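Please examine the sequence and the model shown below. The paragraphs that follow lead through selected features of the structure.

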Amino acid sequence: MSILKLRNSPALRSAASIARIGVSSRAFSKLSEGTDITSAAPGVSLQKARSWDEGVSSKFSTTPLSDIFKGKKVVIFGLPGGAYTGVCSQQHVPSYKSHMDKFKAKGIDSVICVSVNDPYTLNGWAEKIGAKDAIEFYGDFDGKFHKSLGLDKDLSAALLGPRSERWSAYVEDGKVKAVNVEEAPSDFKVTGAEVILGQI
């Protein structure tokens with residue numbers, strides 16, 4: 001009985017809440033307003049979505065973050081499932097695709113989708129959903145980009161393995177001006193195009 005009382009005590013519940021908050025803060029502390037995204041992920045490169053033959057002909061080249069962000073206004077969003085998964089295919093990517101004119105009107109140089117996928121699978125999926133001409137797709141094949149930003153997520157329960165949170169950010173010349181992270185990877189409440197448009 002005393003153990004049950006201890007478990008339900010306000011002090012213990014408060015301590016548990018603090019612990020959860022501490023974990024969340026630590027997880028997202030590297031990506032916040034004012035963060036230099038290239039410095040937060042030193043030496044990390046991404047892989048532009050492409051066919052296997054294009055990968056071979058480019059000698060499997062990668063793209064440094066400085067090439068993506070330096071001197072540019074960029075909107076970037078990350079997908080936990082990525083290629084061929086439900087919310088990513090049916091809601092997240094389409095929300096950006098349908099608002100490209102509004103992003104251009106605000107002076108955005110590029111809208112980027114990044115996912116813990118290989119660039120070949122990502123390329124096939126982007127073509128299938130008809131988004132490759134509007135949005136730039138990049139693979140984070142080994143998850144280093146998301147790990148560096150504290151946005152990695154273990155989704156083994158959904159048979160996806162190490163992946164990422166669902167997130168979005170507005171980045172100007174490498175500096176994060178606004179960032180949004182969903183409470184759960186299956187949520188789609190704060191990372192859609194409409195939200196980030198209001199933050200630019």
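Which residue just after α8 takes a positive phi? It is G130, with a phi of about 65 degrees. Helices here are DSSP runs of H or I with at least four residues, strands are runs of E with at least two, and both are numbered from the N terminus.

This is a predicted model, in which local features need pLDDT of at least 70 and side-chain atom pairs count only at pLDDT 80 or more, while totals for chains, interfaces and linings use all residues. Residues are numbered from 1 along each chain as its sequence is written, and side-chain values use heavy atoms, with hydrogens and water left out.

Helix α8 spans residues 119-128. The buried residues of α8 are P119, L122, N123, W125 and A126. Here buried means under 20% relative accessible area, exposed over 50%, and partly exposed in between, with a 1.4 Å probe and protein chains only. The cover over these buried residues includes β1 (45-48), β3 (73-79), α6, β4 (110-115) and β5 (136-139).

Helix α6, residues 86-97, holds C88. An unreviewed UniProt entry annotates C88 as "active site"; UniProt positions are given in the numbering used here, feature names are shortened, and annotations may be inferred rather than shown by experiment. Why does C88 count as buried? The reason is its relative accessibility of 1%. Leaving aside neighbours within four places in sequence, C88 is in contact (heavy atoms within 4.5 Å) with L79, P80, G81, G82, V93, P94, W125 and R166.

Aromatic rings provide further links. Rings of Phe, Tyr and Trp (its six-membered ring) pair if their centres lie within 6.5 Å; planes under 30 degrees apart count as stacked, over 60 as edge-to-face and the rest as tilted. The structure holds six aromatic pairs. One of them joins W52 and Y120 edge-to-face, at 5.0 Å centre to centre and 65 degrees between the planes. This pair links distant parts of the chain, with W52 in helix α4 (residues 52-57) and Y120 in helix α8, 68 residues apart. F77 and Y96 form a stacked pair, at 4.0 Å centre to centre and 5 degrees between the planes. F77 lies in strand β3 and Y96 in helix α6, 19 residues apart. F77 is buried, at 0% relative accessibility, and Y96 is buried with a relative accessible area of 0%. Ring pairs also link W52, F60 and Y120 into a cluster.

Charged residues form another group of links. Side chains of opposite charge can pair when their charged atoms come close. A salt bridge is a side-chain nitrogen of Lys or Arg within 4 Å of a carboxyl oxygen of Asp or Glu, and the count comes to four. Among them is the bridge between K48 and E136, at 3.7 Å from N to O. This pair links distant parts of the chain, K48 in strand β1 and E136 in strand β5, 88 residues apart. K48 is partly exposed, at 35% relative accessible area, and E136 is partly exposed, at 27%.
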